[in-house]
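Please read them alongside the coordinates.

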Amino acid sequence: MSSDPVDLRQLWGEGWAITLAPRSPESALRMMGVQDIESMPSGLGAAFAGRDPRNGPPVLLAATPVDSTWSAIVECEASTGWVGMHADVLSSLAAPGEPACTACSDPNKLLVKFCETASQPCGIEPRTNRRWGPYSQQAAESLRLVGFPAGYATEEDPVPEPHREAVGALLVMRAITGIQLNHEHLAGPWTGGLSSKPAP
């Protein structure tokens, strides 16, 4: 499998969220408020193209297995908020020793939020290294090992500068979950449905 990271902004534009969870696709979707789960087209473009986020919730979610343990769950309806950013959703998706993690992109904003088991969610802005939440020593060290300094980014101690900005969010996700997403991970098969979860 190719190790090249995928550029999600190039793939989906400015508005999207992707969650990595140590759950099966069906289990993750149910924890994210989807009751009626169906197979979806191999490419997500057609499924999301018919949605108008200005109509408000429910939000369409799509999930695919990454490996035998992990799933990726995608949402592309920014104006209603991101289901994967809910504190209770991230907490329920996490498993012992395996944090759940969501990256989201809006125009001019890129955030990553994660939750270790039985803890409050933590967040980071990959561009500035601004952080919030009760970081564990393991999470802080994992981020340091991929190039994120312990404090605010400075000229002397900058954040990593990938050639495409959205790849920085996936670098954070890799540090937290151990999963480096690439194009093969997002090839499907996809299942999904409408979430009843309101905006956070």
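**Notes on the model**

1. A polar atom of the serine 195 side chain lies 2.6 Å from the backbone oxygen of methionine 32. The model is predicted: local features need pLDDT of at least 70, side-chain atom pairs count only at pLDDT 80 or more, and totals for chains, interfaces and linings use all residues. Residues are numbered from 1 along each chain as its sequence is written, and side-chain values use heavy atoms, with hydrogens and water left out.

2. Serine 195 belongs to strand β9, residues 190-195 (strands are DSSP E runs of at least two residues, helices H or I runs of at least four, numbered from the N terminus). Serine 195 counts as buried because its relative accessibility is 1% (buried is under 20% relative accessible area, exposed over 50%, partly exposed in between, with a 1.4 Å probe and protein chains only). Beyond neighbours within four places in sequence, its contacts (heavy atoms within 4.5 Å) include Met32, Pro58 and Val83.

3. Strand β9 pairs with β3 (residues 59-65) in the antiparallel sense, over five bridges (pairing requires at least two DSSP bridges between two strands). Opposite glycine 192 of β9 stands alanine 62. The open sheet has nine strands in the order β2-β9-β3-β4-β1-β5-β6-β7-β8, with antiparallel pairing. Its edge strands, β2 (38-40) and β8 (131-132), each pair on one side only.

4. In helix α5 (residues 137-145), Ala139, Ser142 and Leu143 are buried. The face turned away from that buried side carries the exposed residues Gln137, Gln138 and Leu145. Just after α5, glycine 147 has a positive phi of about 110°.

Methods. Polar contact = N/O pair within 3.5 Å; in protein donor to acceptor, adjacent residues only side chain to side chain.
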